[in-house]
Amino acid sequence: MKSVVHLSLHKNNLSGRISKALGDLTELKILYLNSNQLSSPIPSEFGNLRNLTELDLSECQLTGSIPTTLEIGKIKSLKDLSLQGNNLSGSIPTTLGDLTELIILYLYANQLSGSIPSELGNLKSLTELDLFENQLTGSIPIILGDLSELKGLYLFLNQFSSPIPAEIGKMKSLEDLPLQSNGLSGSIPINSRKLK
């Protein structure tokens, strides 16, 4: 079993806790458990999956926080992290900023709170950042303007309460920027006309 590289169990009727033993599948590159009824926290043992490129735990009724002990930041090969549509709470771990190969980051439709960590500005390969429908507060980090490959930045249905950073308008690849249903203030940055 330890030589398994692709495990797809999505869209079944699986329930209960996610087995910690999955962390022993150290050759695993793709793990899909999405669209089940796995109402448990994310096992910290997933941090052992150092070869993982895709992890989809979306729509599973997961609870608890995105554990910093998960050491997701050590899975340097991860390109797609999908945790949307769960009951995850707490803050977004700063360690996610260590996933420098990440292309897709879906954390939307959870109960995440606190601010967006500035460390996400390290994800230079990111093309999609979906954080909408959470309880995020504070300001939109200026450093997100450095994500030159980002095409979609979805922040609507949160509780942001700051001006829109002018740096957002400098993002060369950005096509979608839904910011509605927040508490944003100030003016629309003039350089936002550079957006597609």
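Strands are DSSP runs of at least two residues marked E, numbered from the N terminus. The close-ups below come from a predicted model.

View A. Ser40 is found in the loop between strand 2, residues 30–32, and strand 3, residues 54–56. The side chain of Ser40 reaches the backbone nitrogen of Ile18 at 3.1 Å. Which residues are in contact with Ser40, leaving aside its neighbours within four places in sequence? They are Gly16, Arg17, Ile18, Gln61, Leu62 and Thr63.

**View B. Ser58 and its contacts.** Ser58 lies in the loop between strand 3 and strand 4. Its relative accessibility is 4%, so Ser58 counts as buried. Leave aside the neighbours of Ser58 within four places in sequence. Ser58 is then in contact with Asn34, Ser35, Ser82, Leu83, Gln84 and Asn86. For scale along the chain, take Ile168, which is 110 residues from Ser58. The C-alpha atoms of Ser58 and Ile168 are separated by 28 Å.

**View C. The salt bridge of Lys79 and Glu101.** Side chains of opposite charge can pair when their charged atoms come close. How many salt bridges does a search of the whole structure find? The search finds one. Lys79 forms a salt bridge with Glu101, and their closest N and O atoms are 3.6 Å apart. Lys79 lies in the loop between strand 3 and strand 4 (80–82), and Glu101 lies in the loop between strand 5 (89–90) and strand 6 (104–106), so the pair ties together parts that are 22 residues apart in sequence. Lys79 counts as partly exposed, at 36% relative accessibility. Glu101 also counts as partly exposed, at 36% relative accessibility.

**View D. Stacked rings around Phe132.** A pair of aromatic rings is described by the distance of the centres and the angle of the planes. The count of aromatic pairs comes to four. One of them joins Tyr108 and Phe132, and this pair is stacked: 4.4 Å centre to centre, with 10° between the planes. Tyr108 is in the loop between strand 6 and strand 7 (111–114), while Phe132 is in the loop between strand 8 (128–130) and strand 9 (135–138). The pair links distant parts of the chain, 24 residues apart. Phe132 is buried, with a relative accessible area of 13%. Phe132 and Phe156 form a stacked pair too, at 4.4 Å centre to centre and 10° between the planes. Phe156 sits in the loop between strand 10 (152–154) and strand 11 (159–160), 24 residues from Phe132. Is Phe156 buried or exposed? Phe156 is buried, with a relative accessible area of 16%. Tyr106, Tyr108, Phe132, Tyr154 and Phe156 form one aromatic cluster.

**View E. Leu31 in the largest nonpolar core.** In soluble globular proteins, nonpolar side chains tend to be buried together. The largest nonpolar core here has 47 residues. Which of them touch the most other members? They are Leu31, Phe46, Leu81, Leu105, Leu107 and Leu129. Now focus on Leu31, not counting residues up to four places away in sequence. Leu31 touches Leu7, Phe46, Leu49, Leu52, Glu54, Leu55 and Asp56.

Technical notes
Residues are numbered from 1 along each chain as its sequence is written. This is a predicted model: local features need pLDDT of at least 70, side-chain atom pairs count only at pLDDT 80 or more; totals for chains, interfaces and linings use all residues. Side-chain values use heavy atoms; hydrogens and water are left out. Helices (H or I, at least four residues) and strands (E, at least two) are DSSP runs, numbered from the N terminus. A polar contact is a pair of N or O atoms within 3.5 Å; within protein, one must be able to donate a hydrogen and the other to accept it, and residues adjacent in sequence count only if both atoms are side-chain atoms. Contact means heavy atoms within 4.5 Å. A salt bridge is a side-chain nitrogen of Lys or Arg within 4 Å of a carboxyl oxygen of Asp or Glu. Buried means under 20% relative accessible area, exposed over 50%, partly exposed in between (1.4 Å probe, protein chains only). Rings of Phe, Tyr and Trp (its six-membered ring) pair if their centres lie within 6.5 Å; planes under 30 degrees apart count as stacked, over 60 as edge-to-face and the rest as tilted. A nonpolar core is a set of buried Ala, Val, Leu, Ile, Met, Phe, Trp, Tyr and Cys residues joined through side-chain atoms within 4.5 Å.
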